Amino acid sequence: MTEENPRFSEKKLPRTFSGHHGLAHETGLIFEHGREDFTGVDIDPPKEFTPRLGGLERKSPLGLPGLSEPETLRHYVRLSQQNYAIDAGLYPLGSCTMKHNPRLNEKMARLPGFADIHPLQPLYTVQGALELMADLSRWLIELTGTEAVALSPKAGAHGEMCGMMTIKAAISARGEAATRKVVLAPESAHGTNPATAAALGFSVRVIPAGEDGLVHPEAVAAALGPDVAAIMLTNPNTCGLFERDIVEIARLVHEAGAYFYCDGANFNAIVGKVRPGDLGVDAMHINLHKTFSTPHGGGGPGAGPVVLSSRLAPFAPVPFLRRDGDKFVLVEDKEGTQSFGRMAAFHGQMGMFVRALSYILSHGGDGLAMASENAVLSANYIRVCLKDVMSSPFAERLCMHEALFDDHWMKDSGVTVLDFAKAMIDEGIHPMTVYFPLVVHGAMLIEPTESESAAFLEMFIATLRDLAFSVKNGEVERFTGAPYYAPRTRLDETAAARKPVLTYKKPVGEREPNAG
Amino acid sequence: MRYLPLSPTEREDMLTRMGLADIDDLFTDAADKLLKTPLDLPRRKTELEVERALGALAAKNISASAVPFFLGAGAYKHHVPASVDHLIQRSEFLTSYTPYQPEISQGTLQVLFEFQTQVARLTGMEVANASMYDGSTATAEAVLMAHRVTRRRKALLSGGLHPHYAETARTLSDMADDEITILPPDPLAQEDLVSRIDDSLACVVVQSPDVSGHLRDLRPLAAACKAKGVLLVAVVTEILSLGLIESPGAQGADIVVAEGQSIGNGLNFGGPYLGLFATREKYVRQMPGRLCGQTFDSQGRRGFVLTLSTREQHIRREKATSNICTNSGLCALAFSIHLSLLGAKGLRELALVNHANAVALAGEIETIPGVKLLNESFFNEFCIELPGSAAEFVERAATQKLLAGVPVSRLSPGAGLENLLLVASSEINTDDDRAVLIAALREEAAR
């Protein structure tokens with residue numbers, strides 16, 4: 001490496017005896033240090049009694065190690081320290097909306113009146129919970145300009161499923177289930193869109209994107225026909241652009257007797273600014289864990305309520321809320337309704353509803369619009385500040401809440417988008433979304449959200465500019481060997497998939513420590 | 001606004017640097033669709049105001065800890081050690097994303113690897129995934145997986161399966177134009193599944209303990225399924241039961257799906273919960289959901305990554321095994337921490353206390369004339385028949401500050417089972433709680 005880059009000319013550091021590196025601890029598996037004959041929970045044994053297990057007592061071993069409370073805390077605290085998190089730094093994952101997770105939300109969700117109630121208690125003992133669901137519904141309906149909301153879907157993809165099931169039910173009610181078997185989706189769609197359509201027995205007809213990254217009405221018109229059930233469109237789209245012709249597209253879709261499903265993953269760009277219902281959307285899921293700040297938790301749980309137009313509202317899944325005088329009632333049985341049925345046990349992700357409403361009330365109508373404005377402002381600021389060093393297919397065009405770059409500027413540098421992402425890790429920043437959307441070669445999709453301060457935005461921009469210059473200066477090793485400073489260097493994903501090891505097995509010839 | 005760091009001056013500066021005059025200049029592509037006037041919505045609230053507003057709603061509900069509590073039917077109240085909720089609120093777990101960048105996500109990934117191992121061992125299977133939304137959606141996914149494995153499109157669901165689970169599976173099957181048969185409610189566990197098995201079926205779905213609490217011997221069923229190339233899907237809605245009851249895997253199940261809420265997670269009015277999904281190694285490539293696998297880094301150190309993602313929607317799109325993306329990561333973490341505290345010893349002891357409490361309660365109920373226990377076997381929940389409407393009894397009891405159980409008619413309306421009540425008892429129930437329920441039942445029987 002070049003001499004101006006001291007990092008790579010540093011003397012080799014001494015190897016530690018323990019394998020730990022200062023505050024960075026290595027942590028064995030619980031199966032390597034737990035004991036099966038030990039428990040960290042004190043339980044008083046019951047008095048003598050005669051079991052009534054019908055001869056089905058467990059005889060096979062459990063093989064589960066137990067840890068004391070101090071060991072447990074140490075194990076999980078050390079593991080946690082190997083994770084990046086939004087509380088620790090910028091998380092600019094395009095399409096994922098990693099915004100700040102207010103702690104007030106956590107406190108509210110833990111109120112016993114919400115956290116400690118059973119889904120099948122008599123309804124008059126949970127009126128406050130139903131009222132909260134009704135309040136959240138009103139906000140979501142108002143913010144989207146729609147007619148109804150189905151709260152039960154458990155995540156975005158489940159919401160997509162819900163929306164598309166509602167559409168299928170509406171089409172069946174029109175007697176066209178046998179003929180309308182095609183769903184239109186643009187090339188740039190999230191993978192869940194075609195996966196959802198296929199799971200419901202639809203075939204997918206792909207709509208090509210225009211040179212400008214937008215879906216053009218002509219392309220939609222050409223794909224429409226009497227066999228089309230719906231279009232699935234993300235708006236703002238996965239290139240970070242507002243679909244300029246969305247109203248015209250909606251008109252064409254409706255004229256052809258089809259429905260307009262909008263993937264709401266990018267709703268954070270337009271809350272309080274534009275209402276999807278006003279654009280002609282018939283159904284849209286809302287990721288409460290994106291737009292409304294419920295924590296991602298390392299991969300869920302999410303929540304994916306679906307707002308519906310008046311044309312689809314009657315077909316919404318059970319259960320749904322109904323107001324009966326001053327009481328709230330849950331309709332749990334589809335008998336006597338047009339509902340397509342049930343999507344999951346019970347009534348949805350209540351814990352997430354509380355958090356989302358806490359976020360919404362904190363912001364108010366004014367704060368929600370300002371959050372979207374700041375998200376869009378920050379993304380555009382990044383776009384403008386980086387466009388001279390990185391290439392973008394739509395560099396001169398305003399983006400919404402995420403800025404898209406491609407790898408054109410890295411051509412023949414010997415550095416790939418993946419290498420670049422891994423070098424960001426060394427700089428203390430979680431990489432942006434890479435290689436998505438698929439329509440752009442070597443895509444890098446940056447979504448800063450509204451949660452970043454001006455200082456952090458400047459730091460991010462400066463770091464990316466430094467890295468970009470480093471690519472241009474041919475400092476290839478900085479990238480191809482990255483990350484150097486993470487708890488692990490590059491992990492072999494190919495080996496993991498070739499011969500999957502999905503559970504812990506004790507090494508051959510060894511007993512698990514103290515295994516009973 | 002306390003969550004938005006950009007000051008008005010900074011907003012102005014950033015706009016100026018981009019050569020824009022007004023914030024709405026950023027929305028030019030949407031210009032004609034922008035709301036002309038702000039929506040008529042309440043303004044922002046302080047933390048204190050939000051606490052008051054939501055606190056008032058919470059106060060209208062009767063929480064399980066506040067009264068003697070005997071509800072189950074797929075959602076169970078257990079004591080969760082304080083350290084569990086503390087650990088899952090650590091920023092690094094709570095506010096991290098799906099571990100797509102494994103080098104800086106080893107915490108989450110190692111937890112998932114440990115979780116998968118715990119679930120596989122608990123259910124007696126070879127592999128488990130990194131979790132699903134909940135038990136009901138996991139069941140629906142298991143049916144779809146059985147279709148893929150067997151290339152058959154018919155499923156048979158036991159009448160002892162939780163009705164919400166059966167309905168969830170039916171919705172998905174109907175939409176995919178698959179064939180599904182759901183047997184009528186079976187509160188006495190008398191249905192004959194074995195004679196209904198033939199080689200047109202992809203799978204048989206059976207729950208144990210079933211929705212009425214009966215423990216079902218899966219072994220004869222497993223043998224019959226095996227003979228016809230049918231997959232046996234075993235459903236467990238009270239995962240704690242496996243501390244005491246033989247695992248579905250050891251009884252011959254091909255896929256085990258379960259609701260994991262009981263361990264580490266609260267009632268939360270029905271969600272978020274935790275779907276568990278385990279199967280045999282040979283079917284792993286047909287499995288839905290995320291999987292974490294072991295590998296090594298470029299320095300040869302052990303590490304973990306998400307793997308076999310060629311099954312998943314973000315790679316395979318319309319050919320994916322499932323459309324699932326987000327799962328229940330944080331609930332899986334809570335489960336894994338609680339189970340690490342318990343270990344085999346604690347799990348067995350906790351399960352035993354649950355069973356002992358339920359046996360004691362059942363024994364006392366059997367002495368009440370006019371009230372009948374329907375179960376010969378059970379774990380921590382059973383079904384009783386009252387002289388009158390169970391729903392009305394539950395409503396009356398609630399006015400007396402007693403949450404007595406789940407009327408079967410709530411789950412299976414119109415099935416003519418109005419007098420049946422599901423009663424669950426766990427380690428949280430004291431002798432006093434039990435006395436309150438017994439007194440209410442005696443009074444009911446004497447009405």
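Start by selecting chain B, which splits into domain 1 (65–79 + 343–446) and domain 2 (82–338); these bounds come from an automatic or database domain assignment. You are looking at a predicted model, in which local features need pLDDT of at least 70, side-chain atom pairs count only at pLDDT 80 or more, and totals for chains, interfaces and linings use all residues. Residues are numbered from 1 along each chain as its sequence is written, while chains are lettered from A and ligands numbered from 1 in the order in which they are written.

Colour the two domains of chain B separately: their C-alpha centres lie 27 Å apart. Between them, 30 residues of domain 1 are in contact with 25 residues of domain 2 (contact: C-beta atoms, placed from the backbone, within 7 Å).

Now pick out the domain 1 side of that boundary in chain B. At least two residues each come from α10 (329–365), β11 (381–385), α12 (408–411) and β13 (420–424). Helices (H or I, at least four residues) and strands (E, at least two) are DSSP runs, numbered from the N terminus. Helix α10(B) gives the most, with seven residues.

Next, select residues 1–401 of chain B, listed by UniProt in an unreviewed entry as "domain: Glycine cleavage system P-protein N-terminal"; such annotations may be inferred rather than shown by experiment. This stretch is 35% helix and 12% strand, and its end C-alpha atoms are 42 Å apart.

Finally, bring in chain A: 174 of its residues are in contact with 166 residues of chain B. On the chain A side, highlight helix α11 (residues 350–386), which supplies the largest share, 22 residues.

Conventions. Two residues are in contact if their C-beta atoms, placed from the backbone, lie within 7 Å.
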